[in-house]
Amino acid sequence: MKRIILTGGGTAGHVTPNLALVPRLQAAGWEVHYVGTENGIERRLVEQTPGVQYHAVASGKLRRYFDLKNFTDPFRVIKGAAQAAALVHKLRPDVVFSKGGFVSVPVVYGAHLNRVPVVIHESDMTPGLANRLSTPFAKIVLCAFPETAEHAGRKARYSGLPIRPEIFSGSREEGLRLFGFQPDMPVLMVVGGSSGAVAINKAVREALPRLTESFQVLHVCGAGHLSEPHEGAKNYCQREYLNDELPHAYQMADVIVSRAGANALCEILALRKPALLIPYPKAASRGDQLANAAAFEKRGLCRV
């Protein structure tokens, strides 16, 4: 049986494309293993997936700002690389597929030490730090954007982004029922990313009196960001996070307001939904969402 190790974590964006691949890999006869951190979001998401064996390794966060942990986390990466090398030697996979995030770096290094080929996937217009560190050890770098592939060197291939097939399985009627909305008024869906977006949450709630005159508003605000004063407001429903409800929410939505992470963009595009993007500003990120949003706006696929 063919065997593959998937890795990637830190945020849901580094995990969901891997999860989209799992059923296809299993159907093609692959034995699937996943390597992530002990307590990361990837563990919670992957352990819900049938037939995938999860393995944890140590990893340090790769920061672009000063933090005392910057002096100790390189040693965690070295420890994780040793753990990953031992795991790869034990499992002897045919290939390692990395979606990025800080946990992927020791796994890629461990695969390289065992001479196991590595395939990297880059979702954003500009590569993240983890993928930049891993690229010298990769055989192929797959890119979600054609512009990225054009400038990423001889290893690069334009592939698009794996999308979870279940997002197409939703029902507008079920969405209306789940969120308590009526069929005769359009729905505005606001999504701030898996961690939520404080600035977007604040703007939406301040604008609610005007927004709810024209829309029923589904507000996905992130863990810990529910607003008790707004609970039960007319034409307004707030959720921390959507899991099984997401396909129905997507089908129900007439317009989507979203951050500009690559996974969200490609799902919105695949579902052919009008979108207003509010990318993370440069001060709060490496600027990848600004580049993603600009590329989509240039093609006429959204407003920013």
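Tutor: Contact here means that heavy atoms lie within 4.5 Å, and we will apply that idea to a model that is predicted.

Student: Which residues is Val-190 in contact with, leaving aside its neighbours within four places in sequence?

Tutor: Val-190, which is found in strand β8 (residues 187–191), is in contact with Ile-200, Val-204, Val-217, Leu-218, His-219, Val-220 and Val-257 once those neighbours are left aside. Val-190 and Ile-256 are 66 residues apart in sequence, yet their C-alpha atoms are 5.9 Å apart in space.

Student: Is Val-190 buried or exposed?

Tutor: Buried means under 20% relative accessible area, and because Val-190 has a relative accessible area of 1%, Val-190 is buried.

Student: Where is His-55 placed, and why does His-55 count as buried?

Tutor: His-55 has its place in strand β3 (residues 52–56), and His-55 counts as buried because its relative accessibility is 17%. Not counting residues up to four places away in sequence, His-55 touches His-33, Tyr-34, Val-35, Gly-36, Leu-87 and Leu-91.

Student: How many cavities of 30 Å³ or more does a search of the whole structure find, and which residues line the largest cavity?

Tutor: Rolling a probe the size of a water molecule over the atoms shows where empty space is left. In this structure the search finds one cavity of 30 Å³ or more, and the largest cavity has a volume of about 50 Å³. Its lining is made by Thr-16, Pro-17, Leu-161, Pro-162, Ile-163, Arg-164, Asn-263 and Glu-267, with α1 (16–27) and α10 (262–270) as the elements that give two or more residues to that lining. The lining residues of the largest cavity divide into four nonpolar, two polar and two charged.

Methods. Residues numbered from 1 in each chain as written. Predicted model: local features only at pLDDT ≥ 70, side-chain atom pairs only at ≥ 80, totals over all residues. Heavy atoms only, no water. Helix = DSSP H or I, 4+ residues; strand = E, 2+ residues; numbered from the N terminus. Buried < 20%, exposed > 50% of the residue type's maximum accessible area, 1.4 Å probe, protein only. 1 Å grid on protein atoms, 1.4 Å probe; cavity = no way out; pocket = protein on both sides within 12 Å on 5 of 7 lines; lining within 4 Å. Points joined across faces, edges and corners; volume = space filled by probe spheres on them. Nonpolar A, V, L, I, M, F, W, Y, C, P; charged D, E, K, R; others polar.
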